[in-house]
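This report describes a protein chain together with its ligand. Please consult the sequence and the structure shown here while reading.

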Amino acid sequence: MNAMDDWLLNKESTHAQKAISFYQKRNRFASLSILFNSFTGLLQNAISYAYLVYQVIMNIITIGQFTLYLNAVATFSSAVNGVLTSIVDIKIYGLYYKAMDQYVHIPETLRDNKKLPVPMTNSENYVITFQHVSFRYPGQKVDALKDVNVSIHAGTKLSVVGENGAGKTTFVKLLCRLYDLTEGEILFNGVNIRDIDYDQYMAIFSAVFQDYKLFSFSIRDNIALNQGKSISNHRIMQLLQKVGLSEKIDKLPQGIDTIVYKEFNKNGFEPSGGEAQKLAIARAIARDSKIVILDEPLAALDPKAKYEIFEQFADLVGQKTAIYISHRLSSSKACDSILVFQNGRIIESGTHDDLMHLGGKYAELFALQANLYLD
Ligand code: ADP
């Protein structure tokens with residue numbers, strides 16, 4: 001539709017030229033080495049043959065010995081050749097290995113900590129505190145989050161709102177310890193989350209980010225993941241029903257054992273954007289985690305599915321703490337608390353009523369959205 005063929009092919013050939021000149025440079029070294037190799041081989045053969053022929057002519061060795069030595073020379077020269085070729089190969093692989101070595105040895109700062117257990121005596125009661133948290137992505141000139149201070153209590157349903165690029169996703173990614181903070185600290189029941197064992201800490205969370213992925217495994221595996229058979233089929237069906245997919249899956253000949261996508265199975269289930277998102281939500285709920293994070297969880301759903309899932313939201317997450325990033329502000333109304341982000345800072349916080357009363361950014365965004373529908 002965009003008539004991109006010439007434009008795209010030009011780009012392809014420009015990049016291909018760059019790739020070719022890289023390989024030419026690399027191959028020049030290999031060609032020179034091979035040439036040198038062949039030349040020394042030739043020289044070595046010529047000298048030894050000449051010497052052996054001379055010995056036969058001078059009657060120093062017999063024809064039998066000549067054949068024997070000739071074989072020995074051939075074997076020796078092929079062995080020498082093998083050693084030289086290996087040296088060239090090692091040099092060539094070394095070019096790749098260097099990059100691989102650098103990558104493998106990037107220090108694992110996120111896991112390099114005191115490995116304390118999760119400080120939780122009563123699992124129903126905990127508090128997470130952000131204290132003067134600032135964060136800048138590597139190589140960036142501005143902070144994505146600036147001096148964020150907030151406490152999240154167990155069981156809270158927290159809505160995080162704000163315009164694109166305000167820092168909402170960064171906020172939850174820091175909470176999940178996907179990055180180290182630039183400044184400040186995040187405390188879990190008073191203990192810096194950096195000091196808590198990484199895997200134990202991770203087990204507290206389940207999240208659906210915007211860039212979630214489904215696998216070409218069965219629907220069951222996509223929901224249960226590493227929990228495997230410890231999640232019953234009945235529970236999987238329950239989850240599917242909660243996200244509004246049970247009818248559809250029931251109709252598939254292999255039910256929850258149907259493979260997702262058709263790449264590996266021609267009878268696979270090819271989910272629409274909304275159906276894929278529902279599966280990802282079922283997966284997040286299936287984990288026995290304490291905190292559920294949903295980043296724009298309903299974006300790909302049609303209005304009816306949005307409404308239904310939202311209605312079921314409280315039931316879906318139950319007693320768990322839920323952090324919920326959404327552009328659909330009407331969904332914030334049911335949350336216990338709302339954080340409004342702007343340019344990396346929390347500029348307003350409170351309940352829907354508080355913020356509407358305040359008449360600030362939230363009230364402005366809410367009115368904008370409401371007007372869109374009314375118009
Ligand atoms: P939101 O979720 O509110 O739309 P984000 O938290 O994703 O915003 O982004 C906040 C800021 O950080 C934006 O300016 C964005 O461009 C920047 N940012 C996000 N992810 C990265 C990244 N991986 N590397 C560099 N900058 C990033």
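Asparagine 59 sits in the loop that links helix H1 (5–57) to helix H2 (63–104); helices (H or I, at least four residues) and strands (E, at least two) are DSSP runs numbered from the N terminus. The model is predicted, so local features need pLDDT of at least 70 and side-chain atom pairs count only at pLDDT 80 or more, while totals for chains, interfaces and linings use all residues. Residues are numbered from 1 along each chain as its sequence is written, and side-chain values use heavy atoms, with hydrogens and water left out.

**Loop residues**

Asparagine 59 has a phi near 60 degrees, a positive value in a residue other than glycine. Most residues other than glycine have a negative phi. Asparagine 59 counts as exposed because its relative accessible area is 68%; buried means under 20%, exposed over 50%, and partly exposed in between (1.4 Å probe, protein chains only).

Tyrosine 261 also has a positive phi, near 75 degrees. Its loop runs between helix H7 (246–251) and helix H8 (273–286). With a relative accessible area of 21%, tyrosine 261 is partly exposed.

Glycine 190 lies in the loop between strand E4 (183–188) and strand E5 (191–192), and its relative accessibility of 58% makes it exposed. The C-alpha atoms of glycine 190 and isoleucine 128 are 7.9 Å apart, although 62 residues separate the two in sequence.

**Ligand surroundings**

The residues around the ligand (a heavy atom within 4 Å) include Tyr137, Gln140, Glu163, Lys168 and Tyr179.

| Residue | Protein atom | Distance to a ligand oxygen atom |
|---|---|---|
| Glycine 165 | polar backbone atom | 2.8 Å |
| Alanine 166 | polar backbone atom | 3.1 Å |
| Threonine 170 | polar side-chain atom | 2.5 Å |

The protein covers 60% of the 560 Å² of accessible area that the ligand has on its own, as given by the Shrake-Rupley method with a 1.4 Å probe.

**The chain as a whole**

Eleven helices and ten strands make up the secondary structure of the protein chain. Its C-alpha atoms fill a box of roughly 115 × 55 × 55 Å along the principal axes. Of the 375 residues, 38% are buried. Among contacts (heavy atoms within 4.5 Å) with a separation of 6 or more, 67% join residues 24 or more positions apart. The accessible surface of the protein chain is about 22,700 Å², and carbon and sulfur atoms account for 58% of that area.

Note on methods: Polar contact = N/O pair within 3.5 Å; in protein donor to acceptor, adjacent residues only side chain to side chain.
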